[in-house]
Amino acid sequence: MPTALRYAARSDVGLVRSSNQDSAYAGPHLLVVADGMGGHAGGDVASSIAVGELSRLEGESHGADAPRHLSEAVRRAATLLAQRVAEEPALAGMGTTITALLRSGDRLALAHIGDSRAYVLREGALQQVTRDHTFVQHLVDEGRITPEEADHHPQRSVLLRVLGDIDSSQELDTSVREARPGDRWLLCSDGLSGMVGEGTLRETLAGVADVGACADVLVQLALRAGGSDNVTVVVADVVDVGTAPPDHTEVVGAAAAQHARRTRAAASPAAKGAALGRDDHDDDDHDGDGDGDGDHDAPGAHASGRRRSPWLRLAALAAVLVVAAAAVLAVWRWGTAQYFVGATPDEQVAVFRGLPAEIGPLRLSSVVEEAGLTLDDLPPVPRAAVADGVAADDLAGARSTVRSLLEEVCPEPTAEPDPTVTAPPTAEPTAAPTATSAPPTAVATATTAAAVTPAPSASPTPTPAPSPTDDVDAPAGCAALG
């Protein structure tokens with residue numbers, strides 16, 4: 001039987017962040033969640049570009065090519081990110097996660113990169129379909145930590161793969177899933193999965209029937225748990241086509257304003273998706289006034305501005321400078337309280353205080369202590385993470401990261417040899433046998449000689465076993481593990 005989707009999308013800035021860098025899209029054939037990163041000036045741009053490009057896929061014309069079309073759209077989004085960085089170098093380093101489902105008939109094509117997640121609730125059981133591309137997940141996969149330890153690990157948000165302007169980090173996970181009626185899908189940013197346990201997710205998805213109400217409850221659960229990050233969710237039910245609601249699109253988060261501006265005249269979800277995916281420059285000079293200058297103040301505002309006293313302008317400028325200085329001071333104080341594990345210019349791994357960034361020749365961090373190993377000592381995955389800087393909550397957390405790195409590269413310690421070596425026992429001297437006919441004086445002489453002249457014995461000198469620190473190939477920091 002033909003299937004369709006019933007869906008809802010929600011996003012909230014959270015209780016700590018000052019801006020929303022998440023974006024999401026939900027339509028009859030396409031569901032997307034993107035969690036941007038790169039600071040105030042970059043994360044929202046990255047997630048908006050990604051959602052805008054993928055939204056072009058909205059429609060029914062994909063057939064068996066849906067997985068390929070989805071992968072190609074993600075690659076195009078990466079190209080657009082790189083082009084945007086070339087135009088605005090200040091955005092360098094921005095990136096975004098992507099978790100997307102494209103429905104084609106009774107199949108769902110899935111594409112995933114980063115740590116946003118996709119879950120499916122089927123017959124009461126909740127399954128995480130995607131795998132996080134994080135440093136902590138790598139440690140779990142290697143058996144170095146448990147999944148429970150990963151939930152509270154200080155580096156749980158360090159990403160190893162992300163869609164950005166660097167080609168080497170764009171390896172994409174793709175698969176095809178069954179669109180089975182009765183299934184409920186959840187796509188979410190880590191603002192939900194990092195704050196709400198899987199058991200609570202399952203109970204909420206199973207217990208709240210309406211998709212919109214369910215999405216609202218999930219967001220509220222994340223906020224009640226602390227809301228330390230942007231929270232974005234898409235909830236979608238797979239239903240028989242005859243019970244599906246009318247087609248519509250929902251766009252939330254950073255991409256919402258862009259979507260509202262560009263889809264006013266679009267009638268169908270496919271047309272709205274295409275409009276959302278247009279290049280950012282298409283509408284820069286078309287804001288309804290026909291003069292090509294973008295948004296403008298009302299004429300009265302300009303007129304009143306010309307009549308303002310110079311003293312008022314000077315006071316306003318002074319106020320702006322004071323606010324800017326206070327903001328700079330606050331940022332500086334915040335930065336000096338941050339710690340991370342990174343690499344010095346000569347590739348020595350070290351604990352740093354400050355931020356892993358530079359402004360021209362000025363480095364925004366200083367070395368607190370070196371770890372006693374280099375980037376070349378590390379395996380490829382942690383080497384890449386350390387090269388980018390592994391954030392820590394405090395100095396103790398940074399030292400814990402260093403210890404984890406050392407445990408990964410240092411040889412296993414060998415048992416220390418017993419310093420007490422017991423020489424083998426020396427046999428008791430035995431007098432040479434005498435003939436029965438020997439006189440008593442001869443016997444006495446032989447006995448006396450044997451008593452005063454012990455048999456020579458060599459006392460063996462034990463050879464000390466090599467110490468585990470004698471391995472010249474081990475990093476110097478390995479000695480600290482003892």
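Which two cysteines form a disulfide, and how far apart are their sulfur atoms? In this predicted model, the disulfide is formed by Cys410 and Cys478, whose sulfur atoms lie 1.9 Å apart.

Helix H13 was considered next. This helix has 15 residues and spans 22 Å from its first C-alpha to its last, which is close to the 21 Å expected at 1.5 Å a residue. At the start of H13, a side-chain oxygen of Asp394 comes to within 3.3 Å of the backbone nitrogen of Ala396. The buried residues in H13 are Gly397, Ala398, Thr401, Val402, Leu405, Leu406, Glu408 and Val409. An α-helix has 3.6 residues a turn, so residues three or four places apart point the same way.

The largest nonpolar core holds 31 residues, of which Leu54, Leu70, Ile98 and Leu163 touch the most other members. Two or more residues of this core are supplied by each of strand S3 (30-37), helix H1 (43-54), helix H2 (66-87), strand S5 (98-104) and strand S6 (107-113). The greatest contribution is that of H2, which gives eight residues.

Several strand pairings were found. Strand S12 (residues 231-240) is mostly covered, since nine of its 10 residues are buried. Strand S1 (residues 3-12) runs antiparallel to S12 and is joined to that strand by 10 bridges. Within this pairing, Ala4 has Val239 of S12 as its bridge partner. Strand S11 (residues 184-188) also pairs with S12 in the antiparallel sense, over five bridges. Here the bridge partner of Leu187 is Val234 in S12.

Another antiparallel pairing, over four bridges, involves strand S7 (residues 117-122) and strand S8 (residues 125-128). Tyr119 has Gln128 of S8 as its bridge partner. In the hairpin formed by S7 and S8, two residues lie between the strands, and Glu123 takes a positive phi near 55°.

Arg161 is located in the loop between helix H4 (147-150) and strand S9 (163-164). Its relative accessibility is 18%, and because buried means under 20%, Arg161 counts as buried. The side chain of Arg161 takes part in a polar contact of 3.5 Å with the side chain of His133. A polar contact of 3.2 Å also joins the side chain of Arg161 to that of Asp173.

Terms used: Residues are numbered from 1 along each chain as its sequence is written. This is a predicted model: local features need pLDDT of at least 70, side-chain atom pairs count only at pLDDT 80 or more; totals for chains, interfaces and linings use all residues. Side-chain values use heavy atoms; hydrogens and water are left out. A disulfide is a pair of cysteine sulfur atoms within 2.5 Å. Buried means under 20% relative accessible area, exposed over 50%, partly exposed in between (1.4 Å probe, protein chains only). Two strands pair if DSSP finds at least two bridges between them. A nonpolar core is a set of buried Ala, Val, Leu, Ile, Met, Phe, Trp, Tyr and Cys residues joined through side-chain atoms within 4.5 Å. A polar contact is a pair of N or O atoms within 3.5 Å; within protein, one must be able to donate a hydrogen and the other to accept it, and residues adjacent in sequence count only if both atoms are side-chain atoms. The expected span of a helix is 1.5 Å times one less than its number of residues.
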